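Please read this briefing alongside the sequence and the structure shown below.

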Amino acid sequence: MQSVELTAGTIEYREAGDPHGRPVVFTHGLLMNDHQWDLVLPLLPNTFRYLLPILPLGGHRIPMKRDADLTMPGMVGVLSDFLSALDLRDATVVLSDWGGPLFLPELQTGERVSRLVICPAEAFDNFPPGFPGKMAVVAATVPGGITFALRQFRSRILRRTPMVLGLMAKKPIPDDIITSWTDPGLASADVRRDVLAYARGTKFDKRALIADTEQLREFTGPTLVLWAPETNVMRREHGRRLADLAPNGKLVEVHDAYVLIMLDQPERTAELIAEFLQTT
């Protein structure tokens with residue numbers, strides 16, 4: 001594990017593949033981290049440089065500075081600063097669940113990011129997303145709610161229910177991945193503080209979020225939208241809408257999967273991402 005110092009604090013990140021290859025940056029969802037991609041990463045071609053930053057969304061081990069802006073704009077700024085600090089160029093950004101990467105200024109300026117892979121994620125007015133998003137809001141507003149939610153993640157029975165992760169993953173999530181997601185937040189009040197700063201501090205203005213998502217039309221790089229039609233947590237129509245919005249967008253549906261397609265269908269997800277990387 002490596003780390004980089006940013007304005008908001010220390011961000012850890014994992015690297016794999018060819019250190020001299022074209023960079024591919026994988027992001028993750030709320031209360032998750034880089035291990036979200038553990039089943040896909042070994043299946044990808046080793047000719048690319050894979051970077052997996054651990055964003056301060058609850059699965060991070062190092063708390064951010066107390067004065068860090070961890071609202072949605074601030075969190076997007078953390079990712080943007082990460083790209084800049086590592087001086088990444090001609091990068092592919094792969095996003096899942098958390099929709100913040102759609103708002104990266106680099107998509108409009110044409111700097112650093114040249115390709116985009118959108119796995120099922122928040123978009124348009126779907127912030128926070130569906131029923132799981134509503135439950136996350138509840139957890140953030142109730143004292144001790146984040147700890148309670150993380151403990152529910154730990155239970156093999158409870159995490160399969162719609163109130164926990166049952167609408168996010170169609171298949172059981174491996175215990176080691178769950179442990180990696182939940183250990184930091186259960187061990188550190190400061191990590192939980194960072195999550196609350198995001199959940200409580202962000203004003204989810206639906207009209208503004210739609211307008212910000214629609215700026216994707218300014219991104220001219222190849223865009224692959226991988227969408228799961230069997231769940232409406234990330235609305236079914238949003239996959240087509242995002243692909244049509246991006247000037248060079250393409251939609252591919254991943255079946256027998258919910259939001260976390262990289263855990264439900266790792267082989268298919270890896271195949272589609274690899275094909276995209278090697279042909280664009």
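The largest cavity is lined by T10, I11, E12, I54, H60, R61, I62 and M64, where a cavity is a set of points, on a 1 Å grid over the protein atoms alone, at which a 1.4 Å probe fits but cannot get out, and a lining residue has an atom within 4 Å of a point. This is a predicted model, in which local features need pLDDT of at least 70 and side-chain atom pairs count only at pLDDT 80 or more, while totals for chains, interfaces and linings use all residues. Residues are numbered from 1 along each chain as its sequence is written, and side-chain values use heavy atoms, with hydrogens and water left out.

**Cavities**

- The structure holds two cavities of 30 Å³ or more, a volume being the space filled by probe spheres set on grid points that are joined across faces, edges and corners.
- The largest cavity has a volume of about 40 Å³, and its lining comprises four nonpolar, two polar and two charged residues (Ala, Val, Leu, Ile, Met, Phe, Trp, Tyr, Cys and Pro count as nonpolar, Asp, Glu, Lys and Arg as charged, and the others, Gly among them, as polar).
- The second largest cavity also has a volume of about 40 Å³, and the residues lining it are R159, R160, L165, G166, A169, K171, P172 and I173.
- Four nonpolar, one polar and three charged residues make up the lining of that second largest cavity.

**Largest pocket**

- About 640 Å³ of space lies in the largest pocket, a pocket being an open set of points with protein on both sides within 12 Å along at least five of seven lines.
- Of the 32 residues that line the largest pocket, L30, L31, P132, M135 and A136 are the closest to its centre.
- At least two lining residues of the largest pocket come from each of α3 (130–141), α4 (145–154) and α6 (189–201), helices being DSSP runs of H or I with at least four residues, numbered from the N terminus.
- The helix that gives the most to this lining is α3, with eight residues.
- The lining of the largest pocket has 26 nonpolar, four polar and two charged residues.

**Packing of α5 with α6**

- The axes of α5 (residues 175–187) and α6 come within 5 Å and cross at roughly 105°, the axes being lines fitted to C-alpha atoms over the stretch in contact and the angles running from 0 to 180 degrees between N-to-C directions.
- The contact (heavy atoms within 4.5 Å) is made by P184, G185, L186 and A187 of α5 and by A189, V191 and R192 of α6.
- By class, the contact of α5 with α6 has five nonpolar, one polar and one charged residues.
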